[in-house]
Amino acid sequence: MSSLTRIHAIASKEIKQLYRDRLSFGMIVGIPLFLILLFGYAIDLDVRRLDAAVANQSNSQLSRTLLADMQASQI
């Protein structure tokens, strides 16, 4: 039996099983589709848009300079 025939037999068996079991088909198609939509539209991983809060408890000249440098940065 050639490898192409064997792969075809296995694939057709799996497709028949997916046709019989709707839950498996939903998991194979639905979960990746949901993840594509979630990561494509809902989640934004751009760190330039994240708000940050800093509590300057020491209020020293060095900490004020550091905070001023952080506010002036584009990152």
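Is aspartate 46 buried, partly exposed or exposed? Keep in mind that the model is predicted. Select aspartate 46: its relative accessibility is 21%, so it counts as partly exposed, because buried means under 20% and exposed means over 50%. Aspartate 46 lies in the loop between α2 and α3.

Aspartate 46 and glutamate 14 are 32 residues apart along the chain, and their C-alpha atoms are separated by 40 Å.

Next, select residues 3-20, which form helix α1. How far apart are the end C-alpha atoms of α1? They are 26 Å apart. At 1.5 Å a residue, the 18 residues of α1 should span 26 Å, so the two values agree. Helix α1 is hardly covered: the count of buried residues among its 18 residues is zero.

Select Leu23, Met27, Ile31, Phe34, Leu35, Phe39 and Ile43 and show their surface; the patch they make is about 710 Å². Helix α2 covers residues 22-42, while isoleucine 43 is found in the loop between α2 and α3. With a relative accessibility of 34%, isoleucine 43 counts as partly exposed.

Stay in that loop and select asparagine 59, which is also found between α2 and α3. What is the phi of asparagine 59? It is positive, about 55°, although asparagine 59 is not a glycine. Asparagine 59 has 46% relative accessibility and counts as partly exposed.

Then select residues 61-72, helix α3. The twelve residues of α3 should span 16 Å at 1.5 Å a residue. The end C-alpha atoms of α3 are 17 Å apart, which agrees. Helix α3 is hardly covered, and the count of buried residues among its twelve residues is one.

The last stop is serine 63, in helix α3. Its relative accessible area is 14%, so serine 63 is buried. Which residues does serine 63 touch, not counting those up to four places away in sequence? They are Asn56 and Ser58. Show the side chains of serine 63 and asparagine 56 to see a polar contact between them, at 2.9 Å.

Technical notes: Residues are numbered from 1 along each chain as its sequence is written. This is a predicted model: local features need pLDDT of at least 70, side-chain atom pairs count only at pLDDT 80 or more; totals for chains, interfaces and linings use all residues. Side-chain values use heavy atoms; hydrogens and water are left out. Helices (H or I, at least four residues) and strands (E, at least two) are DSSP runs, numbered from the N terminus. Buried means under 20% relative accessible area, exposed over 50%, partly exposed in between (1.4 Å probe, protein chains only). A polar contact is a pair of N or O atoms within 3.5 Å; within protein, one must be able to donate a hydrogen and the other to accept it, and residues adjacent in sequence count only if both atoms are side-chain atoms. Contact means heavy atoms within 4.5 Å. Patches are made of residues with over 30% relative accessible area and no salt bridge: like charges are joined within 9 Å, nonpolar side chains (Val, Leu, Ile, Met, Phe, Trp, Tyr) within 5 Å. Accessible areas come from the Shrake-Rupley method with a 1.4 Å probe; for residues, only the protein chains shown count as cover. A salt bridge is a side-chain nitrogen of Lys or Arg within 4 Å of a carboxyl oxygen of Asp or Glu. The expected span of a helix is 1.5 Å times one less than its number of residues.
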